[in-house]
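Work through these exercises with the structure open beside you. Try each task before you read its solution.

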Amino acid sequence: MKGSKPWKPFASNCCSVDDKTIFGRRRASQSDVSNNAAPLPLLGRISISDISTSSSNGISEELMQNFCRDLFDFKLSELRYVTQNFGRGFLLGEGGFGKVYKGYLDDNTKGGLKAQAVAVKFLNIEGHQGHREWLAEVIFLGQLRHPNLVKLIGYCCEDEERVVVYEFMPRGSLENHLFKRISNVSLAWSTRLKISIGAAKGLSFLHGAEKPVIYRDFKASNILLDSAYNAKLSDFGLAKLGPQGTDTHVTTRVMGTHGYAAPEYVSTGHLTTSSDIYSFGVVLLELLTGRRTMERTRAGKYDLVDWSKQYLTSNRRLHHIIDPQLSGQYSVVGAKRMANLALQCVSSNPKDRPKMPQIIETLEALQPLGDMAVTCGHWPVSPKTGRNTNSGNNLMKRRESPVFGDHKA
C-alpha cells in the first residue's frame, strides 16, 4: 500500500501485526456472520448495517446491547493504565494500520475479567472505511468462537480512537518464525504440521457455517501461535459472508495481499471459499520451503507458486526446495503428500481445489510418519560441517526482506 510503513517488531515473542497489501482500498465486510457450531449458537445477531455510525457513544451502546455478555467495552483511560500509558517498552510493533501494545489486565481492571496479558491494537482510522474495518473485526470476532480463532476480549470506541483488545499470543505470528529468525531454533516438521492443521481447522469452521464466511486474508502473518504453537486466525477486517442461495460467488472489489490472493479473484473480483483455499496452499508452500510467497532476488522478483511447481510435481526433485533449516528432519513421504496437497490447493481451476475437511484429513494423516529424510538418504550432509549440501540451497539465496506487516492480537 503506497505510503504505508513496513511492520517493525520490537519484541521477539510478541503477537504479529499486519499492514495489508491491497489491490484497491481496504474494505471491511458489510454483512453479518451466520449460525455455526455449538460454542456460540447465537451467531448472526448483528451486522455492520445494524450499527449506527452517528457517534462513538452511540456505537458503544449498540455494541454493548448485542455483546454485553461476550465483550468488554474498555475506556481509553483503562487501556492507558494496562499499557503504562502506551509505554515504549510495551510496544509490540507498528505499521500502516497503527500500533499494537502488550497490556496486563489485573483483577480490578474490569469486573468479571480475569487477570491476563492482552494485545491492544489501535487502528489508524482513515475515513469511513477504516472505521468499518474496525467494526467488522468487532462484529465477526464478537460472534465467532473457536479454538483456532483468536479470542476478542473487548474494544474501545472513544472519540476518534478505534481499538480492539485480543488475547495475547506469546509465540507471535507464523511469519515471524519462518522468515524473521526470532530465535535460533527453526520450526520443527511436527510443529509445522500442527500449525497447518490448526489453521486449516480455523478456516474449516468459517467455511462450514450455515452462511459461510470467507476470510479473504489468509497468510502467514495472520496466523498467531500460543505458547504451545496452537494456531489461531486473526484480523477479520476483510472477512466477508460467502455466496447465499443459488449464488456461486460474491462479487467485490479485489483486496488482500499480493502472492496470497487467488488468481481468479484478482482477475474477476469473484470471491468464493476456494479463494481462501488457494491462500492456504500458498502458506503450505511457505511451510514446506521456508521461502516467502513474493520476494526480490538478484535475478528480480519471484512468485513462490510459479517457481515451486516444477519441483512439486517431481518426487526426485522435491527435496531440492525443502526448507534447509529443517536439516533433513522431515518425513519424506509427508513432504511429498504435503507438496501434492499444496499443488491441489493452488490449482488455477478453483473447482479442482480440495475442501477444508479433506485438507485436514490429509494433513492429520501425516503426523504419525517417521521416515526422516536425514536417515533415509534423502538429505546429503557434509561430514565436516553437518550442513545440508543439497544443490537446492543455492537455487535461490534467502535473505531478510521488508514485509507488509504482521499483527493480530
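**Exercise 1.** Find which residues of helix 5 meet which residues of helix 10, then describe how the two helices pack.

*Solution.* Note that this is a predicted model.

Step 1. List the residues that meet. Helix 5 brings L193, S196, I197, A200, K201, L203, S204 and H207. Helix 10 brings M356, P357, I359, I360, L363 and E364.

Step 2. Sort this contact by class. There are nine nonpolar, three polar and two charged residues.

Step 3. Read the geometry. Helix 5 covers residues 189-207, and helix 10 covers residues 356-364. They pack at an angle of about 160°, with axes 9 Å apart. Angles over 145 degrees count as roughly antiparallel, so helix 5 is roughly antiparallel to helix 10.

**Exercise 2.** Describe how helix 7 and helix 9 pack.

*Solution.* Step 1. Locate the pair. Helix 7 spans residues 273-289 and helix 9 spans residues 332-345.

Step 1. Take the angle and spacing. The angle is about 150°, and the axes lie 8 Å apart. Helix 7 and helix 9 are therefore roughly antiparallel. Their crossing is left-handed.

Step 2. Name the contact residues. Helix 7 supplies I277, Y278, F280, G281, L284, L285 and L288. Helix 9 supplies A335, M338, A339, L341, A342 and C345.

Step 3. Sort them. The contact of helix 7 with helix 9 has 12 nonpolar, one polar and no charged residues.

**Exercise 3.** How many helices and strands does the chain have, and what percentage of its residues is buried?

*Solution.* Step 1. The chain has 10 helices and 16 strands.

Step 1. Of its 409 residues, 57% are buried.

Note on methods
Residues numbered from 1 in each chain as written. Predicted model: local features only at pLDDT ≥ 70, side-chain atom pairs only at ≥ 80, totals over all residues. Heavy atoms only, no water. Axes fitted to C-alpha atoms, helices over the stretch in contact; angles between N-to-C directions. Helix = DSSP H or I, 4+ residues; strand = E, 2+ residues; numbered from the N terminus. Parallel < 35°, antiparallel > 145°, perpendicular 65-115°, else oblique. Contact = heavy atoms within 4.5 Å. Nonpolar A, V, L, I, M, F, W, Y, C, P; charged D, E, K, R; others polar. Buried < 20%, exposed > 50% of the residue type's maximum accessible area, 1.4 Å probe, protein only. Left-handed = near helix turned anticlockwise from the far one by under 90°.
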